[in-house]
Amino acid sequence: EQRGDTHYWDVWHARHPVKDYEKWRFRFCSEFGMQSYSSPETQATFCPPGRGNVFGPLMENHQKNRAGNQIILDYVSRRYRFPRSQDALIYLSQLNQAHCMQTGVEHYRRNQPHCMGALYWQLNDCWPVASWSSIEFTGKWKALHHVARRFFSPALVSAHVPGDEGTTIGNYRTTTVDEVHLYTVYDAPAPARGEVRWELFHLDDHVILRGRKRVALRPDTSVRQQTLRLGRLMAQHGRDNLHLRITLVIGGRRVSEETVFLSPPRFLNLRKARTTVQCRRVSPAEYDVTFRTSAFQHRFAFDFRGRPHRSSDNYFELYPDTPKTVRVTFARPVAPADLRHRLAHQSLADSY
């Protein structure tokens, strides 16, 4: 359980010196967990309008870790820009929680056979609260629960980025990041063949580098399939202008995909995108919803406010060249016009 001491971070780091920042980060997150705030809908079940300030008495009463709010805000500020609203803060807290858990779980999975599994704390909540859960009290899935479906996928492509980012006099930034190791992790019962693909993008969406490699996937194995040395391209184009898209394809289908940043995303000037949406009715309570974007969107999230539902995916990466279709199942039948009226969506660039 997390300590109430606001200085426990520094105390823990002093007792557990680690040169590789990613290893330190995953060890910290895996030992202490990471909280996030409940969605605006779940928060509204206990918090009237105008009383949602996270340091106010009502929200503090629904935060049972004495340093919980400070910890959330500290982590969010290290990775993301200052949120423009309370709803944006909720969104960023959930992205941060998902990122922390993904970092730890993928580290464990890449370390097969030294580690053959991972569990995270915690699954759900017994009351509406800021917590470590991935499912809210109302049953609504947080970002973590959607992202966990991907980082626990039986066939996974995963990146390890050794190195660290620091600052010098005047707060000028430095980095020791130079390379990215691409792994496949495979836990399916039967062997398979696939292809690992990578594309290094500029933020204006043009490709700087791309490649692919055919791979053999064996059950219960983790393999470093490729090392990309990107130091020269980072220096040439600026690491804050780049992101890496990695994909694992099996049988012509993208079974695993992720975006890798080479610096904290708060330094990336991600573009605001235009999103088009098409809804195709499958049954009175089921729709296939297809999203298309004019520019890359990180952790694209959508919701149908006031209509309980489940979706086959959410909080995903949305690329201009790849429409994303999601099956949405509602608790009761819903009319197409009502669906369009209640649809809301956002990505990281919309949070500030």
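Biologist: Why is Cys126 called exposed?

Modeller: Residues count as buried under 20% relative accessible area, as exposed over 50%, and as partly exposed in between (1.4 Å probe, protein chains only). Cys126 has a relative accessible area of 70%, so Cys126 is exposed. Note that this is a predicted model: local features need pLDDT of at least 70, side-chain atom pairs count only at pLDDT 80 or more, and totals for chains, interfaces and linings use all residues. Residues are numbered from 1 along each chain as its sequence is written, and side-chain values use heavy atoms, leaving out hydrogens and water.

Biologist: What makes Cys279 partly exposed?

Modeller: The relative accessible area of Cys279 is 33%, so Cys279 is partly exposed.

Biologist: How do you know that Cys126 is in no disulfide?

Modeller: A disulfide is a pair of cysteine sulfur atoms within 2.5 Å. By this rule the count is zero disulfides. For Cys126, the nearest cysteine sulfur belongs to Cys47 and is 18 Å away.

Biologist: Why does Gln102 count as buried?

Modeller: Its relative accessibility is 10%, so Gln102 counts as buried. Gln102 lies in helix H6. Helices (H or I, at least four residues) and strands (E, at least two) are DSSP runs, numbered from the N terminus.

Biologist: What makes a polar contact between the side chains of Gln102 and Glu258?

Modeller: The rule asks for a pair of N or O atoms within 3.5 Å; within protein, one must be able to donate a hydrogen and the other to accept it, and residues adjacent in sequence count only if both atoms are side-chain atoms. The side chains of Gln102 and Glu258 make such a contact at 2.8 Å.

Biologist: How do you know that strands E4 and E7 pair?

Modeller: Two strands pair if DSSP finds at least two bridges between them. E4 (residues 179–186) and E7 have eight bridges, in the antiparallel sense. One of the bridges joins Thr184 to Val223 in E7. E1 and E4 pair over six bridges, also antiparallel. Here Val157 stands opposite Thr184 in E4.

Biologist: Why are strands E1 and E7 at the edges?

Modeller: The open sheet has three strands in the order E1-E4-E7. E1 (155–160) and E7 (221–229) each have a single partner strand, so one side of each lacks a neighbour in the sheet.

Biologist: Why is E1 described as largely enclosed?

Modeller: Six of the six residues of E1 are buried, so the rest of the structure largely encloses E1. Ala155, Val157 and Ala159 point one way; Leu156, Ser158 and His160 point the other way. In a regular strand, side chains alternate between the two faces of the sheet.
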